[in-house]
Amino acid sequence: MTTTPVKSFDLDALTASLEGIEIITDPTQVAKLSQDYHTFSPVLVPKLEGKIGDLVVRPANQQEVLKVAAACVKHRVPVTVRGAGTGNYGQCVPLHGGVIIDMTRMQEIPWVKPGVARVEAGVKLAALDKKAREIGWEMRMAPSTYRTATIAGFVAGGSGGIGSIQYGLLGDRGNLLALQVVTMEDEPRVIELRGDDVQKVNHAWGINGIITEVEIPLGPAYPWAEVIVTFPEFMAAAKFGQALANADGMIKKEISIFASPIPQYFAPLREYIPDGTHAALLMLAEPSLELLSGLVQQYGGKITYQKPAIDAAKGTHLGEFTWNHTTLHARTVDTSITYLQSILPDDKNLQLVEHLYHHFGDEVMMHLEFIRVNGAIAPAALQLVRYSTEERLNEIIRYHEERGVFIANPHTYIIEDGGRKVIDPEQLKFKEMVDPYGLMNPGKSKVLEFKISPTDTRSEA
């Protein structure tokens, strides 16, 4: 006789109640759709190993989402909602099995108007951007995974990206206009959140309702040119990045600064970045290009690559070497590399950047992303770390924090331990209302407990 954990929910009854909705039960597919890019973290990999759902449901519309929610509540089945799975913290990895709700079939764009768009949860960011540009507008910001990432996934798990130099972070007031969510109550309903109320669900990792529609503001579409500038000294590159970021009259979408040897991991760009040099990858509005050469010369740089906006859709896109795509390219070459996510105190702290650069050397390779924070420009960083042990990684994090660097720890699947540090009380109040049984993405918060026991034990011969 052996004792084997058995799910306490009746999957057969659940499946029977979802007739007409696409269901995936193939173990290989279910396992694949239970994962994200938490594999960037050597700390998370062992903690999330073997965590998979029992089945995947792919609703095609809001009515099907309501039906799935009702069934999961009735049978007390935990639910994990996912988009394209491009997150890095295990946000969409189910800790207690259950149902994975894959939202990627919901790809309708109800409308795009000057300055604003309304889209379903599964719309890919690149598809929305393309649609918006037809009328002279574009997304304000997007992660480097914009080709595959979904809009609701970005809202639930993202924070900023390409465009944040101009518009700040996704959670900043005005960057989200409205969200529509389906609740996990005994009788699920659709709730529309507008204005500041969107923060009840924004960056909550899918614990506060199933996002079905998103309304976002758009920005004017500029003709974006792409430029690579190389520098013999890292701090010259960093100071150039700060000066360009501070030049309010120059319209920019992306300023990434990379210390050597990071550019050596960018195989398609190697011919433009000589070994031993440090690089800036830029996206600038074409009218601002005329002013760039003087700034480059001032800091001792050299323009080695320039693509006009008319060719933006052709070939290599510089945006896909920035933000966490940098980590992806590095790990393609060396899987021992992991990363940190940081915001440095203010623009006067390039001396801190310089200190950290020299203190850690190649163990922590400097990658800066200039963003707008609370109305001011600040250097954020996605440093690449040569991983040795978890203890050493924590030492590196502590060293940064002791010097005033904010670390959004990418090596935890707990919301509070990552970027948030604490959960907004308004989010907790909303959680109690929309998910009274604690079925949504259980285990991802310190202050929330899974109210339905996920397993029981039964004897099995």
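1. Aromatic pairs first, with the rule: rings of Phe, Tyr and Trp (its six-membered ring) pair if their centres lie within 6.5 Å, and planes under 30 degrees apart count as stacked, over 60 as edge-to-face and the rest as tilted. Tyr37, Phe40 and Tyr339 make up one aromatic cluster. The count of aromatic pairs comes to eleven.

2. A word on the basis of these notes. The model is predicted, so local features need pLDDT of at least 70 and side-chain atom pairs count only at pLDDT 80 or more, while totals for chains, interfaces and linings use all residues. Residues are numbered from 1 along each chain as its sequence is written, and side-chain values use heavy atoms, with hydrogens and water left out.

3. Which aromatic pair is edge-to-face, with 80 degrees between the planes? Phenylalanine 360 and tyrosine 399 are the partners, 5.3 Å centre to centre. The pair links distant parts of the chain, 39 residues apart: phenylalanine 360 belongs to helix α11 (residues 350–360) and tyrosine 399 to helix α12 (residues 390–402). Helices here are DSSP runs (H or I, at least four residues) and strands likewise (E, at least two), numbered from the N terminus. Both phenylalanine 360 and tyrosine 399 are buried, where buried means under 20% relative accessible area, exposed over 50% and partly exposed in between (1.4 Å probe, protein chains only).

4. Two charges over rings are worth a look. The rule asks for NZ of Lys or CZ of Arg within 6 Å of the ring centre and within 35 degrees of the ring normal. Arginine 76 lies over the face of tyrosine 437, 3.7 Å from the ring centre. Lysine 113 has its charged end over the ring of tryptophan 111, at 4.3 Å from the centre.

5. Now the strands, which pair if DSSP finds at least two bridges between them. In strand β3 (residues 55–58), Leu55 and Val57 point one way, Val56 and Arg58 the other way, and all are buried. Strand β2 (residues 22–24) runs antiparallel to β3 and is joined to it by three bridges; glutamate 22 has arginine 58 as its bridge partner in β3. Strand β5 (residues 99–102) is joined to β3 by three bridges too, but runs parallel, with valine 99 as the bridge partner of leucine 55.

6. Strand β13 is mostly covered, with seven of its seven residues buried. Six bridges connect β13 with strand β14 (residues 278–285), and these two run antiparallel; lysine 252 stands opposite leucine 284 in β14. β13 also pairs with strand β19 (residues 367–373) over three bridges, in the antiparallel sense, and histidine 367 in β19 is the bridge partner of phenylalanine 258.

7. An open sheet of three strands has the order β16-β21-β18, with antiparallel pairing. β16 (337–339) and β18 (364–365) stand at the edges with a single partner strand each, so one side of each is left without a neighbour in the sheet. Three bridges join β16 to β21 (residues 384–386), and threonine 338 stands opposite valine 385 in β21.

8. Grid points are joined across faces, edges and corners, and a volume is the space filled by probe spheres set on the points. There are two cavities of 30 Å³ or more.

9. The largest cavity holds about 90 Å³. Its lining includes Met139, Arg140, Phe154 and Ile216. α6 (151–157) gives the largest share of that lining, three residues. The second largest cavity has about 60 Å³, and its lining includes Arg140, Trp224 and Lys252.

10. How much space lies in the second largest pocket? About 620 Å³. Of its 24 lining residues, Asp129, Arg133, Tyr146, Ala312 and His317 are the closest to the centre. The largest share of this pocket's lining, five residues, comes from α5.

Technical notes. 1 Å grid on protein atoms, 1.4 Å probe; cavity = no way out; pocket = protein on both sides within 12 Å on 5 of 7 lines; lining within 4 Å.
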